[in-house]
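Work through the exercises below with the model open. Try each task before you read its solution.

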Amino acid sequence: MQGNKLLYIAIAAVIIVITAAFLLLDTNNGSGEDMAPEQTTTNNQQEASEDLNASEQVSTGRYTDYSAEALAAMDDDEVAVVFFKAEWCITCHSLDQDIITNQVDIPEDVTILKADFDTETELKREYDVRMQHTLVQVDSHGNLIKSWFLSPSLEDILNRIERT
């Protein structure tokens with residue numbers, strides 16, 4: 001009798017595992033095929049609109065691409081943070097999107113400059129940057145004030161800035 005009970009428990013466990021795996025695969029495979037065509041089109045249009053808005057925001061605020069000219073154009077009382085990001089870096093992308101989304105919260109005296117981790121080798125050497133998702137606070141002359149890694153949000157960056 002004990003042997004049959006264990007067999008039934010084992011069979012039930014296998015059935016549960018197979019059912020869970022099937023449901024998980026079905027959920028992860030949800031590519032929108034079950035959606036009505038109109039709903040899929042609307043979602044794609046919304047995503048394209050959000051991408052366009054994000055690119056417009058990047059070029060209009062205090063979050064811009066790094067250049068020596070952008071750094072030199074800053075006033076002495078302004079703060080610059082260089083964000084070394086890589087296109088292939090998931091956490092970099094997440095922070096980039098958070099900065100874009102909350103760009104209006106960047107104070108007037110703060111500029112965040114995006115530097116391409118994969119191409120800015122001389123800049124990485126200057127600030128001893130060894131990994132992507134490194135942030136470096138510099139003064140308006142490019143002198144290192146401090147550096148840190150893996151800020152998850154704009155709020156975290158702003159909290160880490162040292163004021164003189």
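## Exercises on a predicted model

K114 has a relative accessibility of 14%, which is under the 20% cut-off, so K114 counts as buried. Keep in mind that the model is predicted.

**Exercise 1. Find the salt-bridge partner of K114 and say which parts of the chain the pair ties together.**

Step 1. Look at the side chain of K114. It meets the side chain of D65 in a salt bridge, at 3.5 Å from N to O.

Step 2. D65 lies in strand β1, residues 63–65, and K114 in strand β3, residues 110–116.

Step 3. Compare their positions in sequence.

**Exercise 2. Describe the salt bridge between D156 and R160, and state whether each residue is buried or partly exposed.**

Step 1. Read the distance. The side chains of D156 and R160 meet at 2.8 Å, N to O.

Step 2. Find the element. Both residues lie in helix α6, 4 residues apart, which is about one turn of the helix.

Step 3. D156 has 18% and counts as buried. R160 has 32% and is partly exposed.

Step 4. A search of the whole structure finds 7 salt bridges.

**Exercise 3. Work out the strand order of the sheet and name its edge strands.**

Step 1. Trace the order. The open sheet has 5 strands, in the order β1-β3-β2-β4-β5, with mixed pairing.

Step 2. Find the edges. β1 and β5 (144–149) each have a single partner strand, so one side of each is left without a neighbour in the sheet.

Step 3. Follow the twist. It averages 25° from one strand to the next.

Step 4. Take one pair. Strand β2 (residues 79–85) and β3 pair in the parallel sense over 7 bridges. Within β2 and β3, V82 stands opposite L113.

Step 5. α4 lies across β1, β2, β3 and β4 (134–138), and runs at about 140° to β2.

**Exercise 4. Which elements give two or more residues to the largest nonpolar core?**

Step 1. Start with the core itself. It has 32 residues, and those with the most contacts inside it include V82, F83 and I112.

Step 2. List the elements. β2, α4, β3, β4 and α6 each give two or more residues. The largest share, 6 residues, comes from β2.

Step 3. Zoom in on F83. Among the residues that F83 touches are C92, I99, I112 and L135.

Step 4. In soluble globular proteins, nonpolar side chains tend to be buried together.

**Exercise 5. How many disulfides does a search of the whole structure find?**

Step 1. C89 is buried at 5% relative accessibility, and C92 is buried at 0%.

Step 2. Give the count. The search finds 0 disulfides.

Terms used. Residues are numbered from 1 along each chain as its sequence is written. This is a predicted model: local features need pLDDT of at least 70, side-chain atom pairs count only at pLDDT 80 or more; totals for chains, interfaces and linings use all residues. Side-chain values use heavy atoms; hydrogens and water are left out. A salt bridge is a side-chain nitrogen of Lys or Arg within 4 Å of a carboxyl oxygen of Asp or Glu. Buried means under 20% relative accessible area, exposed over 50%, partly exposed in between (1.4 Å probe, protein chains only). Two strands pair if DSSP finds at least two bridges between them. Axes are lines fitted to C-alpha atoms, for helices over the stretch in contact, and angles run from 0 to 180 degrees between N-to-C directions. Contact means heavy atoms within 4.5 Å. A disulfide is a pair of cysteine sulfur atoms within 2.5 Å. A nonpolar core is a set of buried Ala, Val, Leu, Ile, Met, Phe, Trp, Tyr and Cys residues joined through side-chain atoms within 4.5 Å. Lists of a residue's contacts leave out its neighbours within four places in sequence.
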